[in-house]
Amino acid sequence: MGLLDSQEGKKRLLTVELPAIEKYNATREPAYRIRVVRYADGLLLRYRLRPAHNDYDLETRLYSNYPVTPPETVVLTPLEPCPHLLSGQTLCLWRTGSLSATSRWDPAKHTCVFAVQAAWRWLACYEVWYVTRQWPLPEAR
Amino acid sequence: MAHVIQVGAGSGGMVVLDLLAHDPRIHKLTLIEPDVFKPHNAERHYFPATCAGRLKVQLAAQWLHERRADLLVETLPWDILDPQIQADLAERVAEADLGVCAVDNEAAKFCFDSLMRRQRKPWTLGEVLSGGIGGFVHRFVPDGPCYGCVASYLQRSVEAEKPRTDYADPAGAQAALRIPANKAAIFAIASWHALLTLQLLDPSADRCSTTLLVGLQKVDGIFDEAPRVHRFCVPRLETCLLCGPPSQSEMPARADDLDRALHEALSRLEHPG
């Protein structure tokens, strides 16, 4: 099921994902809205988050077999090396088999906006870690 | 007479195929499997290492022909995730009466689920748990829960030891997931898989969606006694984003209109400011 090359993928975008993004954008200032661009055979969400005092630019990639494959989020703003940050400043967000609803990607329940919210939560943790050097969410350790 | 479409001819899939082929009610089998048989497959498979290098679909077809010459066997060495073959796959599914999924790749399971749901065909899925301690067998029917509902439900409710993430290799497989199942466990789950599939051919049998959890080994905190079969029905997730009530009324019916609507929506979101 390709996101942009199958009926199923297109319907998922039109009925679930894009309306969720429009709803998210509706309540935000223009600078913090999600932009959607085509990326290879998937989509790229470009957006800015401000979890506390700083702005961060991010990209969330929806690959061709999204939503089966979880979205991948990269922080474009330079970060200090920290826990739960993978190479290329990719956020470590999803873990197969996790019992925590916030660290397990569920294609039956989650939209790409959930990934944006997960990135917001990750960055909020990063801001706390930056000051305390302790990652605040114990289950993520 | 029934036509079965099966994806996967690995060690478990081959057992399901063989058991189904021995049922005279089945007159045609369509088998989809892109893999080549490798020497290490021989440990858990019907075929010896000398078959290495041949397509699994070819080996399976030969096996079936030697046992039931009257059975029509269509072999498709395809990857069901390949976008180029989706239309052909949908045609094959439309011709079949029921489906069998015997793959251990999550993306392929979701893809098969999508194909079967669109054509409103019942299907079954077998899953052997790590280490062969047991397995799941699921039966899906039109308007019942989809694979996404079941996967979501099981992730929420099945208790398991939390593996620690290896941050040096976060994308790597967890050691616990690499424990192979033994041949007896694979064959046991595959036999349950075949039984649940054959029930779909019996008009008097219960045809609701159902899940069997088969415990094969006693494991503290998971299976208190073994062997034991637990049967339960996973409810359809009301808000499932895969099979839940779609806003079909807003959906363009024609492919061209769908493409146009998608293009317009994406253009809108390219410059949302």
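What share of the contacts in chain A with a separation of 6 or more joins residues 24 or more positions apart? The share is 44%. Two residues are in contact if their C-beta atoms, placed from the backbone, lie within 7 Å.

Before you click, note that this is a predicted model: local features need pLDDT of at least 70, side-chain atom pairs count only at pLDDT 80 or more, and totals for chains, interfaces and linings use all residues. Residues are numbered from 1 along each chain as its sequence is written, and chains are lettered from A and ligands numbered from 1 in the order in which they are written.

**Stop 1: chain A**

Select chain A. You will find two helices and six strands. These are DSSP runs, numbered from the N terminus: helices are H or I with at least four residues, strands are E with at least two. From the N terminus, the order is α-β-β-β-β-β-β-α. The radius of gyration of chain A is 15 Å, close to the 14 Å of the globule rule for 141 residues, so chain A is as compact as a globular protein of that length. That radius is taken over C-alpha atoms, and the rule is 2.2 Å times the number of residues to the power 0.38.

**Stop 2: where the chains touch**

Now show both chains. The contact takes 35 residues from chain A and 34 residues from chain B. On the side of chain A, α1 (7-26) and β1 (35-39) each give two or more residues. α1(A) gives the most, with 11 residues.

**Stop 3: the sheet of chain B**

Select the strands of chain B. Eight of them form an open sheet with mixed pairing, in the order β3-β2-β1-β4-β5-β6-β7-β8. Two strands pair if DSSP finds at least two bridges between them. Look at the edges: β3 (72-76) and β8 (228-232) of chain B each have a single partner strand, so one side of each is left without a neighbour in the sheet.

Zoom in on β1 (residues 2-7) and β2 (residues 26-32) of chain B. These strands run parallel, joined by six bridges. Click B:A2; its bridge partner in β2(B) is B:I26.

**Stop 4: one leucine**

Finish at B:L17. Which residues does B:L17 touch, not counting residues up to four places away in sequence? Select B:Q6, B:A9, B:L29, B:L31 and B:A60.
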